Amino acid sequence: MKPPAKMSKPTSLFVIFFSLFVMSEAVFEDQVGKFDWRQQYVGKTLFAHFDSHSQSSKKLFLATDKNIFASFNSRTGELFWRHVDKAGPEGTIDILLLHGQDALMVVGGGRLLRSWDTNMGGLNWEAVLDTGSFQAACFVAMQDTVKHVAVLKKAAISLHYLTNGHQKWVENLPDSDTVQYQAVYSGGEEEVYVLGVVPNSHLTIIAYSLEDGEIIKQRSVEAPWLSSVESSCVVVGHGVLMCVDTATLALYALPIQSLDLEVSPGFQPVLVSSQPHPARSPISEFFLQLGPDHHVLLQLNADGYTIAPLRDFQPAFLVSFSTTGEKTVAAVMTPKNETVKKKKNVACAINLFSADSGRRLLDTTVIFPLDLNGGKPFKLYVHAFLKKDDSVGYRVLVQTQDHALTFIQQPGRVVWTREEALADVVTMEMVDLPLTGTQAELEGEFGKKADGLFPMVLKRLSSQVILLQAWLAHLWKLFYEARKPHGQVKNEVTIETLSRDEFNLQKMMVMVTASGKLFGIDSKSGSILWKHYLENVQPNAVFKLIVQRTTAHFPHPPQCTLLIKDKDTGLASLHVFNPIFGRKSHIAPPALPRPILQSLLLPVIDQDYAKVLLLVDDQYKVTAFPSTKNVLQQLQEMASSIFFYLIRSDQGNLSGFRLRKDLSTERIWEVVLPTEVQKIVAVNGKRPNEHVHSQGRVMGDRSVLYKYLNPNLLAVVTESTDAHPERAFVGVFLVDGVTGRIIHEAVQRKARGPVHFVHSENWVVYEYWNTKSRRNEFSVLELFEGTELYNSTVFSSLDRPHLPQVLQQTYIFPSPITTMEATLTEKGITSRHLLVGLPSGAILSLPKMFLDPRRPEVVTEHSREENLIPYAPEMPIRTEWFINYNQTVARVKGIYTAPSGLESTCLVVAYGLDIYQTRVYPSKQFDVLKDDYDYVLISSVLFALFFATMISKRLAQVKLLNRAWR
Amino acid sequence: MASVSRSFLLLSIIPTILILCADFACCNTGRKTGDGLDTDFSGFSVPLEHSFEVDDVSRFRMRGALQLRGGRETSVSLSQSQLSEEDRNNLKEVAAVDGLYKIRVPRVSLTDRQTERQMDGYLTAFVRACSLVESHLSDVITLHTDVSGYLIGVSIVTIPGACRGTEVEDEVDLEAFNTTLTIIPPTNAPQPETALFIERMDIEHEKRGKPQEQKSFFAKYWMYIVPLVLFLMMSGAQDQSGVGAANGGGR
């Protein structure tokens with residue numbers, strides 16, 4: 001047994017050594033969730049189903065526009081599981097049907113049919129469907145058991161077994177080039193009906209035999225008023241097709257007017273019906289929506305020809321059917337009190353009505369408050385159940401326009417709310433929290449003008465009394481809560497208790513989502529502190545969030561401005577708000593009648609310490625915001641030194657402008673990249689809040705290589721229009737934004753995008769796809785002035801005649817990436833890391849040291865002195881560099897970094913489908929004492945030394961005295 | 001159309017300018033373009049215009065002519081006239097109010113055939129007029145081309161570049177431009193250096209000396225295994241014989 005032991009010894013040693021190294025980099029197990037949090041989202045709900053399989057089920061199933069199929073715990077709103085499919089049209093969920101334990105899904109425009117086990121969320125089976133665009137699908141039942149699912153495509157219908165997805169039969173639809181088949185229906189008989197329409201001509205109904213797909217019947221009904229089955233017809237009762245004629249406002253054959261119903265002008269009536277079980281025909285009651293807030297419950301009489309109105313609901317926002325056992329109920333949402341104009345206490349009431357009689361069920365009213373800063377209710381999902389006393393109870397899921405989901409239980413309790421708008425964060429900023437009241441009190445003392453000695457002393461004393469009071473209160477709280485178990489002492493974060501912590505690690509995350517909802521999130525806990533829904537934001541809007549005034553200017557509140565720009569027209573509007581409380585500012589933003597081309601934040605501040613925002617319109621006129629007299633005067637003085645650039649990527653045109661005294665502009669430089677050769681894909685300047693601590697790098701021979709730190713430098717990335725792998729290229733241009741001088745122009749041959757790049761300090765890192773070697777590559781460009789600085793005191797683009805030295809190196813990266821950002825710290829002393837979002841959901845913290853064009857190919861004495869890593873063509877990915885361990889961020893879209901009060905610490909937020917917040921320490925925590933720092937040892941050593949000196953001093957005295965006596 | 005007629009006009013002017021030429025800047029970068037072989041190497045000329053006005057409204061006038069030569073070796077030279085008395089005074093005035101001195105060249109392609117060379121639009125750059133005056137008209141003009149030989153940008157700097165407010169006494173200093181002209185094609189970004197790295201690794205391996213040949217497990221540890229097997233066999237044989245004896249005894 002000796003030899004193997006001998007062998008394993010060095011390896012085990014190596015393993016131990018390696019694991020030590022790993023531990024020193026990564027997060028300890030007990031640190032998980034201490035500094036970081038993750039929130040998972042699913043997106044805007046398209047289909048929602050309650051699990052009605054068993055009475056006590058807590059499951060809720062959702063399919064969303066982000067191609068996600070998810071299951072929630074309906075008691076808490078937490079995710080049970082989530083399946084993230086491919087983004088884009090390939091993964092679109094066309095329909096979600098639920099039957100018993102099976103959830104049927106058609107994916108990718110009719111590409112795949114999937115069956116999921118709703119219990120565990122596992123895939124039962126997946127069947128590839130024939131090509132053709134998806135139209136409709138439904139369950140088909142035979143003798144009360146659901147065994148098949150019918151899928152209707154544009155030109156074919158197929159029937160699949162529910163158990164294994166195998167195709168039972170597939171039939172081509174007759175005349176599919178003229179008839180638009182739009183609906184499929186089965187009422188539990190041996191037939192499957194397909195409904196097609198020739199717009200404004202006739203309706204085609206085909207009945208297929210369930211057994212072999214043979215056409216049993218085929219009928220054509222004259223319907224010159226019908227244009228779409230999907231939007232205007234439903235099946236009601238025993239196979240009666242109910243259609244609403246939008247042109248003449250007629251229902252079926254009966255004119256609506258004969259029922260004394262008035263349709264509000266300009267509204268297309270909508271029918272809502274319900275088929276509780278696929279084996280049975282739909283119920284004969286149905287809703288007709290006549291206006292935005294007007295619904296009528298109608299009943300088709302048994303003879304199948306006459307319709308009787310059961311109840312008129314006005315006002316009523318939303319209606320929905322729900323069935324439990326044999327009872328079908330209709331839920332109706334109405335505004336609670338009609339003080340809508342007052343905008344106060346807007347609440348909604350939901351009532352349950354018996355479907356067959358239209359009578360209101362007792363004790364079923366649920367009142368829930370509508371969030372003033374949220375959207376209007378959009379859809380209602382009701383889950384009714386029978387209580388023990390045979391009365392009907394229910395739960396409601398309300399979807400609002402801002403994609404939020406609210407779950408309500410009787411009696412009017414909001415169980416949970418999910419802000420699904422956060423699944424699509426567009427841009428964000430982190431804002432410092434304000435000082436506490438006491439700190440502000442002290443600060444305010446210095447801000448005010450001195451008014452005599454005595455009041456000043458009084459003020460000082462009073463503020464110190466307040467401080468003492470706060471401290472005592474804090475002590476008392478500590479004392480009082482000392483006996484409580486640790487878990488219970490949970491400091492609920494509210495807007496009122498928000499205050500900056502010692503090291504400014506806790507900040508307010510202001511997030512802008514694509515739906516137009518703004519959120520203020522506490523970075524420490526991840527709780528949403530405020531939200532604000534901007535209505536009438538176009539779906540193709542572009543957002544830019546600008547912090548005009550930070551929290552540092554007490555008593556002026558911080559101020560953020562959101563520029564919302566329509567992508568097509570270029571017309572923009574401004575939303576000015578307080579980032580801490582989310583309240584809209586009373587400052588009126590300027591009217592912007594013309595399309596906006598560019599916005600720039602100047603370092604100029606007005607008398608209220610707000611930075612000036614300049615907006616350039618398509619006539620190159622400039623609007624300033626705020627535009628007080630003070631600001632305009634400052635602008636006039638500085639006009640000749642305010643330069644800005646415009647980029648028109650469609651024309652390949654980069655041009656520079658200078659401001660004139662009358663706030664008009666003049667074009668001063670122009671660079672044109674011909675669009676037939678290459679197109680501009682991205683332009684990136686440097687972050688204005690970035691600090692560079694070191695002006696140069698000390699080389700091995702003790703000389704200094706100075707960095708080229710041009711704050712006006714732009715990195716312009718282009719891609720060739722020629723996509724041939726041999727001729728494709730990626731161009732990187734470094735252009736001075738003031739003078740338009742091309743500082744460097746590099747061409748990466750045989751490369752194509754998507755290009756991700758970071759521009760910071762004196763370097764640009766970009767990533768591209770190498771078409772020849774078929775791999776991802778990283779390239780780094782660094783700019784140096786050389787060993788002497790041209791002008792060491794100040795940098796001016798106008799006075800820097802010599803071009804910098806440019807060094808570049810390229811590396812192979814073994815993974816594609818989705819986004820990239822660099823860490824940012826308070827003073828820029830800490831070394832930089834690149835944060836790379838990978839498609840796997842991991843976030844890699846890659847030391848910039850590995851991306852250094854001065855990495856030597858041959859190691860020399862000097863390079864070793866400089867601590868340069870020898871060049872290796874491949875960039876490693878070490879698992880301990882993943883800052884989010886197993887907390888993957890699905891579809892990571894952007895990474896935001898912000899400095900904290902500690903130089904070593906950088907706050908990181910990764911967003912995409914999920915939001916993940918953490919801290920990174922690129923150079924370890926050099927300015928923080930460790931958690932396990934031995935205070936006892938150090939103080940005991942100190943005391944021991946102190947006493948030792950005392951004793952030895954005494955002894956020395958005695959000795960001296962003795963010697964003197966001798 | 002206007003630009004075309006201007007260039008015709010220019011062609012007729014060139015001989016006269018060449019005579020006047022007081023200052024001649026030239027450069028030649030060893031750029032190689034493979035796809036420009038069939039074009040004529042005769043070169044062509046485009047105007048270099050400048051504008052300096054007190055009111056900062058651009059009014060471009062002829063400063064000189066750029067002789068561009070495409071093809072295998074791209075080269076450029078500039079012939080330009082002296083500044084007139086009026087221009088000198090004007091420039092000084094502009095410098096006094098911190099105005100801009102702008103230059104522009106038309107967008108051209110160095111590789112395409114003559115007819116397609118000219119595209120509409122100009123490339124513009126500027127420098128502070130005061131720095132031009134203080135540097136006694138010594139400027140550096142750089143032309144940038146893209147991969148297919150289109151001119152994409154022009155830049156002008158003066159050496160020295162600063163404005164210190166020193167008065168230029170001598171009128172003679174402002175008569176002729178002292179221009180350095182360069183044309184810069186894009187640099188090729190490096191590819192990952194795999195070949196060199198592998199070579200280096202090989203050398204390192206050789207330096208370390210050849211690693212010991214991979215012996216098989218048995219070849220390495222036969223001295224331990226053989227005694228062990230022998231020992232096991234011996235003990236096993238003993239056991240078996242013992243068992244056999246016992247069995248035998250039982251019968």
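This is a predicted model: local features need pLDDT of at least 70, side-chain atom pairs count only at pLDDT 80 or more; totals for chains, interfaces and linings use all residues.
User: Why is B:L137 called buried?
Analyst: The relative accessible area of B:L137 is 0%, and buried means under 20%, so the residue falls in that class. B:L137 sits in the loop between α4 (129-134) and β7 (138-145) of chain B, and its phi is near 60°, a positive value in a residue other than glycine.

User: Why is A:Y885 called partly exposed?
Analyst: A:Y885 has 24% relative accessibility, and the class in question lies between the buried limit of under 20% and the exposed limit of over 50%, so A:Y885 counts as partly exposed. The residue belongs to the loop between α6 (861-865) and β60 (894-899) of chain A, and although it is not a glycine, its phi is positive, at about 25°.

User: What makes A:L361 partly exposed, and which residues is it in contact with?
Analyst: With a relative accessible area of 23%, A:L361 lies between the limits of 20% and 50%, and is therefore partly exposed. Its place is in the loop between β28 (347-354) and β29 (366-369) of chain A. Leaving aside neighbours within four places in sequence, A:L361 is in contact with A:V329, A:L352, A:F353, A:S354 and A:V392.

User: Why can A:M950 be part of a nonpolar surface patch?
Analyst: A patch residue needs over 30% relative accessible area, and A:M950, which is partly exposed, has 46%, so this residue passes the cut-off. A:M950 is in helix α7 (residues 935-965) of chain A.

User: How do you know that B:K102 and A:E666 form a salt bridge?
Analyst: The closest N and O atoms of the two residues are 3.3 Å apart, and the cut-off between a side-chain nitrogen of Lys or Arg and a carboxyl oxygen of Asp or Glu is within 4 Å, so the pair qualifies. The count between chain A and chain B is 1 salt bridge. The elements that give two or more residues to the side of chain A that touches chain B are α1 (2-25), β46 (665-672), β51 (729-736), β52 (742-749), β54 (763-770), β55 (775-786) and β56 (805-813).

User: What describes the extent of the interface between chain A and chain B?
Analyst: The size of an interface is often given as the accessible area lost when the parts come together. For chain A and chain B the buried area is about 3,900 Å², with 58% of it on carbon and sulfur atoms. In terms of residues, 52 of chain A are in contact with 44 of chain B, and 17 residue pairs across the interface are in polar contact, both residues being at pLDDT 80 or more.

Technical notes: Residues are numbered from 1 along each chain as its sequence is written. Chains are lettered from A and ligands numbered from 1 in the order in which they are written. Side-chain values use heavy atoms; hydrogens and water are left out. Helices (H or I, at least four residues) and strands (E, at least two) are DSSP runs, numbered from the N terminus. Buried means under 20% relative accessible area, exposed over 50%, partly exposed in between (1.4 Å probe, protein chains only). Contact means heavy atoms within 4.5 Å. Buried area is the accessible area (1.4 Å probe) that two parts lose on being put together, summed over both. A polar contact is a pair of N or O atoms within 3.5 Å; within protein, one must be able to donate a hydrogen and the other to accept it, and residues adjacent in sequence count only if both atoms are side-chain atoms.
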